[in-house]
Amino acid sequence: MLIINNLKASIGGKSILKGITLEVKPGEIHAIMGPNGSGKSTLAAVLAGREFVEVTEGSVTYLGKNLLDMSPEDRAKEGIFLGFQYPIEIPGVSMVNFMKTAVNEHRKHNGLDPLSASDFLKLMRDKKELVEIDSKLANRSVNEGFSGGEKKKNEIFQMAMLEPKLAILDETDSGLDIDALRVVANGVNKLKRPDNSFIVITHYQRLLDYIVPDVVHVLYDGRIVKTAGRELALELEEKGYDWIKKEVENNVLS
Amino acid sequence: MNGRSEVTERYIGLYKENIEKITTSSSPYINSFREAAYERFRDMGIPTKKNEAYKYTNLNIFFDHDYKSYFMPVTSDFIKAEEFRCDVADLDTHGIVLLNGFYPTINEKLRQLPSGVWIGSLNAAAIKFPDLVKKHYGKYAKSDTDGLIDLNTAMASDGVFVYVPEGVALTKPVQVVNLVQSDEDMFSQHRNLIIVEKGAEFSIIICDHTLSPQKFLTNAVTEVFVGENAHFDLIRVQNEHNAACKVTHTFIHQEKNSVASSNNMTLHGGLIRNSTYHYLGGEGAECFSYGLFLTDKWQHVDNFVNVDHAFPKCTSNQLFKGVLDDMSTGAFNGRILVRPDAQGTLAYQKNNNILLTDDAKMDTKPQLEIFADDVKCSHGATIGQVDSDALFYLQSRGINKREARLMLMFGFAHEVIQNIKIEALRDRMDNLVMQRLKGELSRCASCMVKCG
């Protein structure tokens, strides 16, 4: 589904990603872990198409297409979803209007007619139930005045509405209490299908108690320095990131 | 040399030439204010940019022009006005049309609504309700610095009069449609007086339209009295063409525990200056002052707000927003005065502006003068571009950049629009603003003039 090959990227001339190679197959859940400043969010930003990140080398192929050539909105319509680490507040734009526009853009892209108002509201209702978000949130402006937990739940709700093929969740677990964490994880598990994939970016292993990854990568200093099964996450939880840093430094020296 | 500017002399001349005609057709009480007002105007003149309150607005562009002045309507004008229909669906109002500043109904100059409310011509009201007019006319519209208010008092002869007696709640709003139409360039002035007595509830919509493409200048004064515990809402919808200049001065005087709001929605116009004066004249009074403007080409919109906290425990809120395109310009001046005795004051002010081009320009000036110590006051002003993080957020959900920008600008404007309590009008404003942001013509009512 997604093939990243030797991806290098910089922000404002500063090199952040220093050669990332990664393949995600349909139905897989990949966890990307790593200490702060290792490049996790930059990777998410490149995949979603943020302009301030400059790709200097390498390629990203998504469903056989060159992802880097696509606009952010086309990526979304082709099935990529980014769950933001810091969801944006947009006063004056209602959740209903926002989601209706987004869903209908997706439908148009897929050659479908826009949803009728009643079908759309039914879809909203169903998805709200699925991800257990407070129905009142959907009547407000996008993220305006939402608590940290509500914002993250709202990301999962949007994901449920848009049914992406590849969802990238950028530290969706940060700042969540245990109940919100459970809601977020349940949302992901309910939306998981054999034909869609997830990249879960996280600092802590805690989320991975609820979302069981197939593959765990450790990102450090712009490179993937370790890839293994879910047991790697447990090891990181126990030992922290220092041993990885040491391993990397030793490798460089030897 | 008397030190007066040429442009001021022009209006002094206009006064001298027409005062006799104006006096003949007006009520004696209103006439009794004219001479003193003329003298004050003669001293103050047409405001220039040297006047702090007009620092960012050059009135001469419109005031220094030879208008065919218009002091009495003719019968054919009345007919034109009667033909005008506002086409806002579901907007159920009591309608009044003012043509070139005159209340143009031939037979029924004043009418009483079933609830006991009177609406109609100020000139007729001054004769029918002399005590009411004496009690309120000229009592609130006062300024030591703005000669235009005196110019209006000196020469205006008609406008809208509304009287809402004590305890009456008028559920349907009154809608005043100000039309200007002439075959020649025209200067007009009107004067409104709205009296909302103790415990009454009333809302008024004032719509400004131009019906012919000539150059127009309007200088209008509105005085509002809001009695104890009364509720009053004013919504102004300004949709005039680019060769029109509108200067409005609105004075809202509030008594104890009353609530009043003013909302200036400026969709179109060449040069617009709205001065809104809120006087919180009794404990527990609360006022809301809103404004939204969308400008392009060479348009200029200036909102001047003056909130006077004269009594303790009053609350004021200001929210003004602007979206400026092309080389248009705008200004905001928000004054909050908290007098020494006004303890327990809450006063808020927010002014946000989006510049869509490098050539658009906005000046914003908060002006807080606080002489009491138990006061909670805040103000904030921003001038910037569409938020790129928010733009990306929408794009990342599959919404294309153009649409996403539109949604953000609409959301920005909607924050002001959402304060309109009349649903049909709120929907219509949303609609007109969306059209305007899309670059489509936002024509309202049966207007034949292309405002763009």
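Modeller: Let us begin with contact, which holds for two residues if their C-beta atoms, placed from the backbone, lie within 7 Å. Helices (H or I, at least four residues) and strands (E, at least two) are DSSP runs, numbered from the N terminus. This is a predicted model, in which local features need pLDDT of at least 70 and side-chain atom pairs count only at pLDDT 80 or more, while totals for chains, interfaces and linings use all residues. Residues are numbered from 1 along each chain as its sequence is written, with chains lettered from A and ligands numbered from 1 in the order in which they are written.

Colleague: Which residues meet where helix 3 of chain B and helix 8 of chain B touch?

Modeller: From helix 3 of chain B come B:Arg34, B:Ala37, B:Tyr38, B:Arg40, B:Phe41 and B:Met44, and they meet B:Gly147, B:Asp150, B:Leu151, B:Thr153 and B:Ala154 of helix 8 of chain B. Sorted by class (Ala, Val, Leu, Ile, Met, Phe, Trp, Tyr, Cys and Pro are nonpolar, Asp, Glu, Lys and Arg charged, and the others, Gly among them, polar), this contact has 6 nonpolar, 2 polar and 3 charged residues.

Colleague: At what angle do helix 3 of chain B and helix 8 of chain B cross, and what is that arrangement called?

Modeller: Their axes, which are lines fitted to C-alpha atoms over the stretch in contact, with angles from 0 to 180 degrees between N-to-C directions, come within 8 Å and cross at roughly 150 degrees. Angles under 35 degrees count as roughly parallel, over 145 as roughly antiparallel, 65 to 115 as roughly perpendicular and the rest as oblique, and therefore helix 3 of chain B is roughly antiparallel to helix 8 of chain B.

Colleague: Why is helix 8 of chain B described as largely enclosed by the rest of the structure?

Modeller: A residue is buried if 20 or more other C-beta atoms lie within 10 Å of its own, exposed if 12 or fewer, and partly exposed in between. In helix 8 (residues 147–155) of chain B, 9 of the 9 residues are buried, so the helix is largely enclosed. The cover over these buried residues includes helix 1 (6–24), helix 3 (34–44), strand 7 (186–196), strand 9 (216–226) and strand 11 (244–254) of chain B.

Colleague: What makes strand 20 of chain B lie largely in the open?

Modeller: Of the 10 residues in strand 20 (residues 375–384) of chain B, the number buried is 0, so the strand lies largely in the open. Strand 20 of chain B does have a partner, since two strands pair if DSSP finds at least two bridges between them, and 10 bridges join strand 18 (residues 345–355) of chain B to strand 20 of chain B, running parallel. Across that pairing, B:Asn351 stands opposite B:Ala381.

Colleague: Turning to chain A, what makes A:Ile20 a buried residue?

Modeller: A:Ile20 has 23 other C-beta atoms within 10 Å, and therefore counts as buried. A:Ile20 sits in strand 2 of chain A and, leaving aside residues up to four places away in sequence, touches A:Ile4, A:Leu7, A:Leu43, A:Arg223 and A:Ile224.

Colleague: Why are strand 2 and strand 5 of chain A called edge strands?

Modeller: The open sheet has 4 strands in the order 2-1-4-5 (chain A), with antiparallel pairing, and strand 2 (14–24) and strand 5 (65–66) of chain A each pair on one side only. Strand 5 of chain A is joined to strand 4 (residues 53–62) of chain A by 2 bridges. Strand 2 of chain A pairs with strand 1 of chain A over 8 bridges, and the two form a hairpin with 2 residues between them, where A:Gly12 in the turn has a positive phi of about 55 degrees.

Colleague: How many residues does each chain give to the contact between chain B and chain A?

Modeller: Chain B gives 18 residues and chain A gives 19. On the side of chain B, helix 10 of chain B gives the most, with 8 residues.
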